[in-house]
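Here is a friendly briefing to read with the model open beside you. Have your viewer ready, and we will go through it topic by topic.

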Amino acid sequence: MGRTVENVADYKEIVEVIKDNGGDAFKLCFQCGLCDTVCPWNRVRDFSMRKIVRQATFGFTDIESEDIWRCTTCGLCPSRCPRDVKQIESGVALRRIATEYGVFPTAVKPIRTISGSLMGEGNPLSEERKDRAKWAEGLGVKTFSQEMEILYFPGCYLSYDQRLKKVAKATAQVLKAAGVDFGILGEKESCCGESIRKTGDEDVFRRLAKENIKNFIDAGVKKILVSSPHCYHTFKNEYPEFMVNFEVVHITQYLLELIQQGRLEIKEEYRKKITYHDPCYLGRHNGIYDEPRQVLAGVPGLELAEMPDCLEASLCCGGGGGRIWMETPKGERFSDLRLQQAMDLEAQVLVTACPYCITNFEDSRLTVDNGESVEVKDISEIVQEVI
Amino acid sequence: MGDFQVTLNRKPRYVIEDRCTGCTTCVEYCPVEYPDQFNQEISENKAVHIFFAQAIPLIAYIDESCLYLKEKKCRICENVCKADAIDLGQKAQKMEIKVAAIVLATGYDTYDPSLKNEYGYGRMTNVVTSMDFERLLCATGPYEGEILRASDRKHPHKIAWIQCVGSRRVTPGDNSYCSAVCCSYTQKQVILTKDHDADAKLTVFHNDIRSYGKDFERYYQRAEELSDVRFIRSYTTVSREDPETKNVFVRYATADDGVQEEEFDMVVLSVGLNPPADYQGLADKFGIELTEHGFCLASPTNPIETTSPGVYVCGAFQGPMDIPESVYTASGAGTQCGELLNYRRGELTRERVYPAEKDVSQEKPKIGVFVCHCGSNIGRVVDVPSTVEYALSLPNVVYAQEQLFSCATNSAREITDTIKEKGLNRVVVAACSPRTLEPLFRDTLREAGLNQYYYDMANIREHCSWCHSKEKEESTNKAQDIIRMSVARAGHLKPLQEMDLPVNKAALVVGGGIAGMTSALSMANQGHEIHLVEKENDLGGMARRLHYTLDGLDVQGYLDGLVRQVYRHPAIHVYTNAEVTEATGYVGNFVTKLSSDRGPSEIKHGATVVAVGVDVYTPTEYLYGQDERVLTHLELEERISQGDEAVTGAQTLVMIQCVGCRNKDRNYCSRVCCSESIKNALKLKEINPEMDIYILFRDIRTYGMLEDYYREASAKDVKFIRYEPENPPQVEAAEEEGRPVLQVSLMDYVLGQELAIGADIVTLAAAVIPREDNKDISQLFKVSLGPDDFFKEAHVKLRPVDFATDGVYLCGTAHYPKHIPEAINQAYGAAGRALTLLSNDIVTVSGSVCEVAEDRCMGCGACAQVCTYGAIEFRKTKKGQKAVVNPVICKGDGLCNAKCPTGAIFLKHFTDDELLSQIDAMSATA
Amino acid sequence: METETAQLLKIPADGNYGDVMVLGGGISGIQASLDLATAGYKVYLVEKSPAIGGHMSQLDKTYPTNDCSM
């Protein structure tokens, strides 16, 4: 922009467009800079949320820039923002405009393929819908029917991803061990739509949501168990926009419930030092901090240490807001920093409860020096090992 | 109303108040150590202790950590107390008290940052609150005035302050309002820290700097200009603590350099003010309503009156406020109680009675010297015990001792007792400045039956331990010199008599604006004749130009009601088109001459209230006066209220703040303009929601509850753009798509982008300026003006509506720009102070005044020329014209003494004899 | 008001009968009490902690003159 003078009147219409797309809260900003100081991007490169907000206030947003795509929707800045600028919702407004115009910078281009796959096959991984229940083969997992206690909704990554299928299997085994009468939707399960919505593609989100809701209702679902905090978030907080209210429970909550009810008995020791990473959508977005820690604390022999950025200040893995589908160059990956924090603690296992976090941490294990010294596990994998 | 029965539960102190001497032997022996609440739990105290060193009452109490109270063990204190003052069997006592009015002065609580994980308070040892830091700075604090880190007891060298902790935030658990005091108290802490450690590197992380009070702007500059002090505009995150050094890392963001992380030895959280913790309980018990923030709900036209008749509120329960506001709202609560209870004034009180004064003028001087440690203020530098020894060696000194705090109640009693016991007839207290404590020590002499002028004060704190605290030995020598001089003077002191004067019950109020009228009505309602003098044709003052306020007051409607009340009040006499031509007299007995619509008048009155108001700056900047589309904010308000469509129908309107102040010519902030502009912006948005409004500001100073309106304006799409004074906005006439506009251009620092705004109307927040005739008024009434030509109060904190000249009081914008509710608060405050004079039949004046030795006076008149107070007259005698001092008017400043060519006029208590003896003693070595 | 201790500013007259009760012994409560007493009223000053002075007694100095707070 440099020395040129911008006439504010020329951008008035853009301000209105941003507002109409949900960016009304930008105007509240008083430029205190707090968002920039908490934003994890500033640990790896220069990035100013404050500037994005200020630009949007005047309609100066550069919709072709990658900056509007950086936010991982980790929720740290809105949780601290003194003026309630709602950086996530407001930021999504900008992405909606870019999506509408079909403007995607290079790093964001994969989104086109992703949304195609979501529309066609109900998953972002370009896998086929018919293979969705393959992970459960040989485990004796039933298709959900009305009289069952709970629907297990593993989500896309646990259904298709090689690494995460192990988590789905472990979960199914734990549920069986506890005698839970559960089932899955299999081919009728579609992506929850949480992340594609954050990229500004409201259409795809609505289609996926409606499809899932229809199938939940058809199958007589009342209570849904999820492994992904992203599914949890959208089922619990966003699906009610469609006038439905299912009881949603995250696996960390359910595990604790099963243990407390005596349905699940921990028999084995787990003699390792571990640390727990709070996924953004479980902790900050939904306030679930205690349940996973209580489950882990109940495992004999297990030593739990906390990393520097924990609980409400948890450091994002980098995977939210659709970033899981975008390329982040080495040196700019938050998950590398997080893995290093776990290594600095000399933890043997980095435990979490989110498929995106696990995906990013597993990648970081391969690229960070000595990264393989830390195992990355989902909490259900730990529980499966000790029952 | 008028009949409250209050049940109090008096907590047991476990110490019998009448017996405890405050000797602290029990404290020494008590085995229980627990965190000292007064010192913010930074250091330990004992289960039995005195709340703080200068506590009133200065007696011990036993806390619930006591072993006996917890486990029925110990009782050591009982055994060691020589006064038999411990009573571990004390029980809580219920008291029923009947009163006719209640004043809620419950104050505030500080925001607790440990409720939020993000500040690290409670998790990181070297993160402290500003209240903790006050204690660290203080000589009576946890480390005796050394600023130390709790982690390693080392001096922190690099310190950061984080502003707005708990304030100006809509996040849950925080306050959306501004706490109004933190910017300035932080600057104070910065200045004081540099006094402790001149090389300290200090950083303040802030949003807007809110130096909106009198002399605050200069204070901010003083802090900012110190070496190695940085003010950085950024909110911050306390990111982590170094596990080894316990240093604290802070992340901040600037538009130029992005996000930085910096390491500090200590971080101070500038915590805000909450309502008192039990606000709901207070509301229930007293039947008062609260604001959404938990403060006391009051009307904008009387912030002291609660919704419950007979219950008044003063201080920070009204909302966050500074000390002077707390003081004058207290005086204001006083006058409102007075309006309610005037019929029973004086029925329940009794005069204080002193013992008869002994005549010791024929006795040889027997001087007692009391040397004060002032906690550690003096004792840390001056060797007090050896100074006491030294004092004993001086001529006429028959007794000397040391005291921890001579000003404490028990120490004062000790002085009285010692005078009687040792038969002293002169007393020297070597302590601090006579300005603050001389009256207290004089009182100890009166209590012992001595004339109070047999007292001299040796200032070994301000003049010694404070100004060269590093040179201990030399300081001790100097303290001894100062005491030797005092002792020499004391030997020459004469007993003097003070004079009782009658008090005229009428008052003169100069200025018929809201402040003057409010003050007049309150005094008139208590039976005093009031002469209200207004320069203009009509009453109302500046408020005549205001039409609405942020809290929804119809100003003209309110004003009309007030004017009607004034005119209808039988005890108020209004003089319009009036000018004061002459003002003479003295406290309780003023005579003022006027010319007015009533013709010339001479008014006799006991008190004067100065409420002359202010003017508004006429801008020369930004095309004002050249282009009719440029208005001041007052003109804008007038146009809005007239429904002028050129204004209300504008497409784009730009407001420029700080026009004519916060600059070299006027180095102060006009306080009201930010909120006034926001008020007008909100009003315009209400009339025409489509209008684009831009407010160009330096700092938005919507202090206190006004902050909520700032946010509301943002929510209504008013855009705020900050500019730097070095690079102010440019305004020029231009065309935009064929539309004639005023093009306003300026830099946006967050965007790093030059912006241009095509405005139909530009309004200027023109400075509020002192009236031109302030100088005349100040000379007439013998009161002073401050550096910006506003009237100068007697003490900025503790006597905010008094003048140094007795019997003259101050309120409203004449003191400094302020909002209507603040002016009303202050007007009641001035009335309350005036009532403390007017409600008494006599007033006592000092005995230390000038006198003329007639035989030496040549009648030359030099003395009369220099007397500021007009206290000297000339009288014809057989030996020619001679000067005569009116002792009632004389303030004892001694100016005339210096001018008199023959040494005929002299100031009692500061005679040549007394002073020369002091000077001789200085040059003499002991 | 379970936690307050009461203290009499002026000489106790007949029984527990006064003109005004001032709740809180900080700078504001002290000033209100002094003014009222000087103007001829009997005041009960009620303070919950063991000494009067309030927050101001905890401050080191006051702005903008750096006067001693005590």
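This is a predicted model: local features need pLDDT of at least 70, side-chain atom pairs count only at pLDDT 80 or more; totals for chains, interfaces and linings use all residues.

Residues are numbered from 1 along each chain as its sequence is written, while chains are lettered from A and ligands numbered from 1 in the order in which they are written. Helices (H or I, at least four residues) and strands (E, at least two) are DSSP runs, numbered from the N terminus.

**Where chain A meets chain B**

- The contact takes 34 residues from chain A and 32 residues from chain B; two residues are in contact if their C-beta atoms, placed from the backbone, lie within 7 Å.
- On the chain A side, the elements that give two or more residues are strand E1 (5-7), helix H2 (34-38) and helix H3 (49-58).
- H3(A) provides the largest share of that side, five residues.
- By class, the side of chain A that touches chain B holds 14 nonpolar, eight polar and twelve charged residues. Here Ala, Val, Leu, Ile, Met, Phe, Trp, Tyr, Cys and Pro count as nonpolar, Asp, Glu, Lys and Arg as charged, and the others, Gly among them, as polar.
- E1(A) pairs in the parallel sense with strand E38 (residues 753-759) of chain B, over three bridges; strands pair if DSSP finds at least two bridges between them.
- Within that pairing, Glu754(B) in E38(B) is the bridge partner of Val5(A).

**Where chain B meets chain C**

- Chain B gives 69 residues to this contact and chain C gives 54 residues.
- Elements of chain B that give two or more residues to the side touching chain C include strand E1 (4-10), strand E7 (101-104), helix H5 (182-196) and helix H8 (323-341).
- H8(B) gives the most to that side, with eleven residues.
- The side of chain B that touches chain C is made up of 36 nonpolar, 18 polar and 15 charged residues.
- Strands cross this boundary too: E7(B) and strand E2 (residues 20-23) of chain C pair in the parallel sense over four bridges, with Ala101(B) opposite Val20(C).

**Domains of chain A**

- Chain A is divided into domain 1 (8-107), domain 2 (108-258) and domain 3 (265-386), with bounds that come from an automatic or database domain assignment.
- The centres of domain 1 and domain 3 of chain A, taken over C-alpha atoms, are 29 Å apart.
- Their contact takes 13 residues from domain 1 of chain A and 17 residues from domain 3 of chain A.
- The domain 1 side of it has seven nonpolar, four polar and two charged residues.

**The sheet in chain A**

- Five strands of chain A form an open sheet in the order E2-E4-E3-E5-E6, with parallel pairing.
- Strand E2 (142-143) and strand E6 (247-250) stand at the edges with a single partner strand each, so one side of each is left without a neighbour in the sheet.
- E2(A) runs parallel to strand E4 (residues 182-184) of chain A, joined by two bridges, and Lys142(A) stands opposite Gly183(A).
- Helix H12 (residues 229-238) of chain A lies across strand E3 (150-153), strand E5 (223-226) and E6, at about 160° to E6(A). Axes are lines fitted to C-alpha atoms, for helices over the stretch in contact, and angles run from 0 to 180 degrees between N-to-C directions.
- Helix H13 (residues 251-260) of chain A lies across E5 and E6, running at about 85° to E6(A).

**Helix H6 of chain A**

- The 15 residues of helix H6 (residues 87-101) of chain A should span 21 Å at 1.5 Å a residue, and the end C-alpha atoms are 21 Å apart, which agrees; the expected span is 1.5 Å times one less than the number of residues.
- Twelve of the 15 residues of H6(A) are buried, among them Ile88(A), Leu94(A) and Arg95(A). A residue is buried if 20 or more other C-beta atoms lie within 10 Å of its own, exposed if 12 or fewer, and partly exposed in between, with C-beta atoms placed from the backbone.
- Gly102(A), with a positive phi near 65°, follows H6(A).

**Backbone details to look up**

- Ile56(B) and Pro57(B) are joined by a cis peptide bond, with omega about 0°.
- Another cis peptide bond joins Tyr63(C) and Pro64(C), with omega about -5°.
- Arg75(B), which is not a glycine, has a positive phi near 60°, and is partly exposed, with 13 other C-beta atoms within 10 Å.
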